Amino acid sequence: MKNTQEHIKLAQLLAKQLAGELSDAEIEQLTLFQKEEDKNEILSSVREKGIDFDRLERYQTFNLEEARKKVDWKIQFRLKSKKINFAKILRYAAILALPLALAVYMLYLTDVTQPDGVGQATIEIKPGETKAQLYLSDGRIVDLEKQQKDLIRETDGSVIEKDSLGLNYQTNTLDIEPERIAENVIVTPVGGEYQLTLSDGTKVWMNAKSEIRYPVRFIGNTRKVKMSGEVYFKVAKDARKPFIVDVNDVEVKVLGTQFNIMAYPDERSIQTTLVEGAVSLKAKELSGKTTSVGLSPGRQADYDRFSKSVETREVDVDRFIAWKNGKFVFEKESLNDIMRKLERWYDIKVFFQSNELKNMRFSARIDRYGNINDILEKMQQTTNINFDIKNNIIQIKKK
Amino acid sequence: MNQTPDKIIIIDNNESLSYNSLFNEMYAGLCLFSERFLMVSSEGEDLVQEVFVKLWAKFDDFDSLNAIKAYLYQATRNACLNSIRHEKVKRKYEAEQVHQVESETYFLKQVVEEETSRIIANSIDELPPQCKKILQLSMQGLKNQEIAEDLGISVNSVKTQKSIAYKTLRSKLQNIFDIVMYIMWM
């Protein structure tokens with residue numbers, strides 16, 4: 001580094017000499033440099049070669065504005081990954097702020113006379129749909145909606161195929177240099193879901209408000225992806241290249257199997273549910289140590305974010321992967337948990353009049369693409385609760 | 001997407017340096033510099049852009065212009081070498097040629113060549129057109145008489161223009177030199 005800096009100084013003196021003349025002090029500096037054998041050698045060889053004037057013209061041929069824009073995209077793209085973590089912190093903060101917001105909201109509402117019943121909405125609440133954004137490695141953002149077929153070209157030369165089913169990374173036959181393999185990110189918004197096929201043939205289903213980050217092609221000894229939110233994986237078998245899902249604090253390693261990971265930042269736990277095959281799961285404990293557990297089909301690992309501990313248990317798998325099959329399946333689930341899922345899918349905001357209501361439990365099996373009113377009406381009929389809907393805000397009260 | 005706001009740091013003699021101005025000053029030079037290492041020159045711009053992306057995160061850590069320049073040259077060279085190493089594996093490039101390009105001496109020599117011609121290119125570009133032309137011819141080794149004939153002007157006029165060119169150039173190059181002096185006598 002030091003040496004490089006000295007050579008830069010040398011060049012600066014030389015440029016000055018070539019362009020005009022040097023002052024005494026400058027000559028002295030140059031002479032000092034010339035006493036060093038290696039520098040002198042370089043100096044005389046550059047002098048001998050002279051300045052290539054055809055080459056000088058080329059300095060003006062670069063499109064600086066365009067290049068600066070590209071650099072900017074990349075910078076913002078990198079910053080984005082940091083911002084996501086920031087957003088998580090905000091979401092935690094939001095959980096804490098909720099009781100306060102609720103209190104204020106309640107105060108406000110008590111002054112207003114409430115019409116009874118469901119169906120007072122002026123804006124129709126719609127179920128989620130195929131919707132996501134793709135972040136390419138150069139910072140380009142592509143809106144992914146279901147309609148048109150398309151080909152997207154990555155900076156490393158690979159081609160991503162987009163059709164009505166989702167994205168497909170399998171079509172690449174190009175030999176990409178390992179160092180230049182691009183990383184892509186897909187983000188689904190609230191009320192969005194998306195499907196894609198990774199380069200190894202692994203199929204990925206993304207639930208609403210989720211994110212997955214993966215290389216355009218897997219190189220090296222592992223296939224590694226990062227995610228948050230809820231994602232279902234059907235991993236293509238490759239015994240020599242384990243597939244690893246990195247979810248903050250939890251790492252799931254598989255060879256070829258199907259499983260669901262639910263890791264929403266506003267949920268207390270990260271749940272990994274195994275459908276078939278086998279997975280091993282590593283989780284960071286409170287002590288900072290890593291603990292490993294294995295899962296067999298039908299079992300679920302539940303990592304508590306607060307106590308940082310893992311428990312495994314037998315579960316009804318269908319219930320946890322229902323979303324992927326277009327259903328909501330609730331089994332004696334608390335109204336609080338149910339509404340959080342509905343919030344992500346229907347893009348609604350839910351407020352409870354009392355905590356007691358949050359703990360009411362319901363069982364239901366409903367179509368995810370159906371109207372939310374159907375669900376709410378059913379619940380309203382069988383219990384003493386009332387859903388009050390204003391635009392996309394739902395207030396839950398006792399009848 | 002909105003443009004990221006510029007970053008400004010204080011360097012050397014309490015002077016301020018903005019990321020954007022550094023980008024404008026160094027980008028073309030680094031792209032041309034990358035060609036000295038690459039077998040396929042077209043990818044140079046990509047690599048240099050990547051270098052600037054990395055610089056963005058580190059920019060605040062620097063306190064001297066030449067340290068940043070040294071970093072830029074080195075990072076560009078490393079990116080190029082990484083790139084040709086893969087090509088070497090793939091296309092079985094002549095090992096000898098790659099070996100030479102990888103050497104430290106080769107690197108330093110390229111830095112001197114590039115930095116010299118970059119400074120001159122940047123300075124010349126700001127001269128009035130006639131001055132610029134005369135200076136270019138003079139640097140190519142043409143005598144005043146030959147330049148005068150070439151451009152169809154008098155020898156005296158060549159002399160006057162040349163002295164204006166040198167004067168302007170020197171004052172431009174002086175700024176660079178001040179930094180050099182500062183670092184050297186520190």
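## Stop 1: chain B, end to end

Colour chain B by secondary structure and, starting at the N terminus, you'll pass β-β-α-α-α-α-α-α-α-α. That is eight helices and two strands, where helices (H or I, at least four residues) and strands (E, at least two) are DSSP runs numbered from the N terminus. What you're looking at is a predicted model, in which local features need pLDDT of at least 70 and side-chain atom pairs count only at pLDDT 80 or more, while totals for chains, interfaces and linings use all residues. For your selections, residues are numbered from 1 along each chain as its sequence is written, and chains are lettered from A and ligands numbered from 1 in the order in which they are written.

Of the 186 residues in chain B, 34% are buried. Buried means 20 or more other C-beta atoms within 10 Å of the residue's own; exposed means 12 or fewer, and partly exposed is in between, with C-beta atoms placed from the backbone.

## Stop 2: colour by confidence

Switch to pLDDT, the predictor's confidence in each residue, from 0 to 100. Chain A averages 83, with 84% of its residues at 70 or above; chain B has a mean of 80, and 79% of its residues reach 70 or more. The model scores ipTM 0.77 and pTM 0.50.

In chain B, helix H8 (residues 155-185) is lowest at a mean of 66, and H1(B) is highest at 93. Now pick residues 177-186 of chain B: pLDDT stays under 50 there. Where pLDDT is low, the predicted coordinates should not be read in detail.

## Stop 3: the largest core

Which residues touch the most other members of the largest nonpolar core? Show A:Leu14, B:Tyr27, B:Leu30, B:Val51 and B:Val112, out of 53 residues in that core. Helix H1 (residues 19-35) of chain B supplies its largest share, ten residues. A nonpolar core here is a set of buried Ala, Val, Leu, Ile, Met, Phe, Trp, Tyr and Cys residues joined through C-beta atoms within 7 Å. Another core, of 42 residues, lies apart from it and includes A:Tyr194 and A:Val310.

Centre on B:Val51: leaving out residues up to four places away in sequence, it touches B:Leu30, B:Leu72, B:Ala75, B:Thr76 and B:Ala79. Contact means C-beta atoms, placed from the backbone, within 7 Å.

## Stop 4: a helix from each chain

Select helix H3 (residues 37-49) of chain A and helix H5 (residues 104-125) of chain B; their axes come within 10 Å and cross at roughly 45 degrees. Axes are lines fitted to C-alpha atoms, for helices over the stretch in contact, and angles run from 0 to 180 degrees between N-to-C directions. That angle makes H3(A) oblique to H5(B): under 35 degrees is roughly parallel, over 145 roughly antiparallel, 65 to 115 roughly perpendicular, and the rest oblique. At the contact, show A:Ile42, A:Ser45 and A:Val46 of H3(A) against residues of H5(B) including B:Leu108 and B:Val112.

## Stop 5: two positive phi values

Finish on chain A. A:Asp249, in the loop between strands E11 (243-247) and E12 (250-254), has phi near 75 degrees. A:Lys308 sits in the loop between strands E17 (299-304) and E18 (309-314), with phi near 50 degrees. Most residues other than glycine have a negative phi. Why does A:Lys308 count as partly exposed? Because it has 16 C-beta neighbours inside 10 Å.

How values were computed
Contact = placed C-beta atoms within 7 Å.
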